[in-house]
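Please open the structure in your viewer and keep the selection tool at hand. The tour moves from stop to stop, saying at each one what to select and what is found there.

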Amino acid sequence: MNIKITGSGSYIPTEVVSNIDFAQHTFLNDDGTPFPHPNDVVAEKFLEITGIQERRYVTDNLCTSDIALIAAEKAIEDAKIDRETIDYIILAHNFGDVKKGAIQSDILPSLATRVKHGLKIKNPKCVAYDILFGCPGWVEGVIQAYAFIKAGMAKKCLVIGAETLSRVVDLHDRDSMIYSDGAGATIVEATDDEGGILAHETATFTYDEAYYLFFGNSFNKDHDPDVRYIKMHGRKIYEFALSNVPKAMASCLEKSGVPIEKVKKVLIHQANEKMDEAIIHRFFKQYKQSPPEGIMPMSIHKLGNSSVATVPTLFDLMMKGKLENQELKKGDVIIFASVGSGMNINAIVYEM
């Protein structure tokens, strides 16, 4: 028995927000003082560092659970399974359903419960729960699905990563330009087919790193101090990721027994193009090699950082042939990897 992804689906929001759209924003320093550079300079520097040209936001009528449901429907259709045979629905997110204009997150009932309800699954033995694990949430959900199936507790799992970060950003913080919305879903199941999950690795660093990402006040000191927004210590995250993600990937690859030469693609969480390029170079440097051209597919340029949705949407886009000059073929060995709030790191070595 092997454990494989047998179907995938995604929802890419329809609202395109380019860097130019931030021209009228009033960016401030964290102490509330005006940012010294004009917005066109901010946008130019932002593009140079992150590689993000534009990002996607959901329309006002949609919440995280809504787009998770859309992606889930597509994954079920792609896998050609009876939804009543799903044993677990694992939904990774970080902020719940935040309605447009709201200042409160709604996670009662859980988003996974809402998706199960939306899928009209009657089977009560289909267990639905949420996972809060920062940006690595979808990868960790796949690892949990693998564990359930390996233990004989499940045969089929629906794993979803969905987020609407546009609802929790401080528009006076330049970091708000990084974030976006999206949803990706996969069916993970036991199969007689060759390949699947060969190894996995997860770690949580909290001693110094727990609050590298946190909820904090707006940089605009006139805003309600009880309303919080996503904040991050970008330089610390960059250094942490560069130091730890390549090691986790190498450890996972060693567990799998697969030589580095057989790795065809690395699908990594995307928050910053420069950071990902540095990570992939450091990963291959451990094997005294340089990364092959095209080994790290990127969607960040047009989609931004949608947290838990970045890796599963990237995977689905490749599976559907929607990423230019990038494809996945049967027998290819790929690595999923992610880093984010917690601080959490994980990786999976997977054979298509």
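Begin by selecting D173, which counts as buried because its relative accessibility is 6%, under the 20% cut-off. This is a predicted model, and the stops that follow should be read with that in mind. The side chains of D173 and K231 meet in a salt bridge, with N and O 3.1 Å apart. D173 lies in the loop between β6 and β7, whereas K231 lies in strand β10 (residues 229–232), so the pair ties together parts that are 58 residues apart in sequence.

Next, select K156 and E189, whose side chains form a salt bridge at 3.9 Å from N to O. K156 sits in strand β6 (residues 156–164) and E189 in strand β7 (residues 181–191), so that this pair links parts of the chain that are 33 residues apart. K156 counts as buried at 18% relative accessibility, and E189 is buried as well, with a relative accessible area of 12%.

For the next stop, select K320 and D78, a salt bridge in which the closest N and O atoms are 3.7 Å apart. K320 is found in the loop between α8 (310–319) and β12, while D78 belongs to helix α2 (residues 64–79), and the two are 242 residues apart. Here K320 counts as partly exposed at 35% relative accessibility, and D78 counts as partly exposed at 31%.

To see a linked group, select K4, D193 and K330, which are joined in a network of salt bridges. Across the whole structure, a search finds 12 salt bridges.

The tour now turns to nonpolar side chains. Select M249 and F283, which touch the most other members of the largest nonpolar core, a set of 52 residues. To see where this core comes from, colour α1 (39–50), α5 (234–256), β11 (263–268), α6 (273–285), β12 (333–340) and β13 (344–351), each of which supplies at least two of its residues. Among the contributors, α5 gives the most, with 10 residues.

Which residues is M249 in contact with, leaving aside its neighbours within four places in sequence? Select V266, I279, I280, F283, I335, A337 and A347, and the set of such contacts is shown.

As a last stop, select I90, Y146, I149 and A154, which are among the 33 residues of another core lying apart from the largest one.

Terms used. Residues are numbered from 1 along each chain as its sequence is written. This is a predicted model: local features need pLDDT of at least 70, side-chain atom pairs count only at pLDDT 80 or more; totals for chains, interfaces and linings use all residues. Side-chain values use heavy atoms; hydrogens and water are left out. A nonpolar core is a set of buried Ala, Val, Leu, Ile, Met, Phe, Trp, Tyr and Cys residues joined through side-chain atoms within 4.5 Å. Buried means under 20% relative accessible area, exposed over 50%, partly exposed in between (1.4 Å probe, protein chains only). Helices (H or I, at least four residues) and strands (E, at least two) are DSSP runs, numbered from the N terminus. Contact means heavy atoms within 4.5 Å. A salt bridge is a side-chain nitrogen of Lys or Arg within 4 Å of a carboxyl oxygen of Asp or Glu.
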